[in-house]
Amino acid sequence: MSKLLYIKANAKAEGESRTFQISDSFIETYKANNPDDEVIELDLYDAGLQFLPKGKMNELREAVMKEDKQHPVLKFAYQFAEADKYVIAEPIWNLGLPAILKAYVDYVAISGITFAYTEHGPVGLLKNKKALNIITRGGDYSSEPMESLEMADKYLRNIFGFMGITDFTTIATDRLDIITEDTAALLSDAKEKAKEEALAF
Ligand SMILES: Cc1cc2nc3c(=O)[nH]c(=O)nc-3n(C[C@H](O)[C@H](O)[C@H](O)COP(=O)(O)O)c2cc1C
């Protein structure tokens, strides 16, 4: 039995977000195909994610030393470390991650839990795990010059790799805000891709 953590990062409500339409298609198929797996839904807005608290970094270090799994920040890092699979649903915002998703990364990339500093430099502690990033974008980042500007999927891939999660796949849906596009068709294709990916994930 695997534990899948479904991380949702969008200010739009359920039903309004096109990203969530795609990721929900994935989750629905995944659940049907893996009825014994545990799927944990983590909507970062509903979870009340904040920035790392000011003046409390020493307290955070002490909590890591004590392995305090109930600590309001560390509980997210432990939950992350305990998952086997990750599905992230995010729109690109201003060429990068929605800020709440970056705040979440700051909660989970904690030395001593998800990575460690060694004499050879930092090493990821999370092994044999896999991630899928379901990302949507208003524009088109599939070729240059836009491709180089894209910092949302690239950043997430890098930071997951830093924590040891190198099996990282992306389903990117571009052009959702280009008014001449048939966005219904783009969404329908993306949902099909997501369902296909769910069968093998
Ligand atoms: C604050 C904000 C910033 C955005 N920045 C970008 C951007 O840099 N590049 C882009 O292609 N689309 C950008 N968009 C458009 C969204 O990425 C796009 O509408 C979204 O992926 C569609 O999915 P959704 O319906 O789930 O929000 C931005 C949207 C918002 C609200």
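Colleague: What should I know about the model before reading it?

Modeller: The model is predicted, so local features need pLDDT of at least 70 and side-chain atom pairs count only at pLDDT 80 or more, while totals for chains, interfaces and linings use all residues. Residues are numbered from 1 along each chain as its sequence is written, and side-chain values use heavy atoms, with hydrogens and water left out.

Colleague: How many salt bridges does a search of the whole structure find?

Modeller: Side chains of opposite charge can pair when their charged atoms come close. The term here means a side-chain nitrogen of Lys or Arg within 4 Å of a carboxyl oxygen of Asp or Glu. The search finds ten of them. One of these joins R175 to E181, with 2.5 Å from N to O.

Colleague: Which residue forms a salt bridge with E14?

Modeller: K8 does, and the closest N and O atoms are 2.7 Å apart. K8 and E14 are also linked with E41 in a network of salt bridges.

Colleague: Is K8 buried or exposed?

Modeller: Buried means under 20% relative accessible area, exposed means over 50%, and partly exposed is in between, using a 1.4 Å probe and protein chains only. K8 has a relative accessible area of 1%, so K8 is buried.

Colleague: Where do D106 and K102 lie?

Modeller: Helices are DSSP runs of H or I with at least four residues, numbered from the N terminus. Both residues lie in helix α4 (residues 99–108), four residues apart, which is about one turn of the helix. D106 and K102 form a salt bridge, with their closest N and O atoms 2.8 Å apart. D106 is partly exposed at 30% relative accessibility, and K102 is partly exposed at 34%.

Colleague: Which atom of R18 lies 2.9 Å from an oxygen atom of the ligand?

Modeller: A backbone N or O atom. For T136, a polar side-chain atom lies 2.5 Å from a ligand oxygen atom. The protein covers 76% of the 640 Å² of accessible area that the ligand has on its own, by the Shrake-Rupley method with a 1.4 Å probe.

Key: Helices (H or I, at least four residues) and strands (E, at least two) are DSSP runs, numbered from the N terminus. A polar contact is a pair of N or O atoms within 3.5 Å; within protein, one must be able to donate a hydrogen and the other to accept it, and residues adjacent in sequence count only if both atoms are side-chain atoms.
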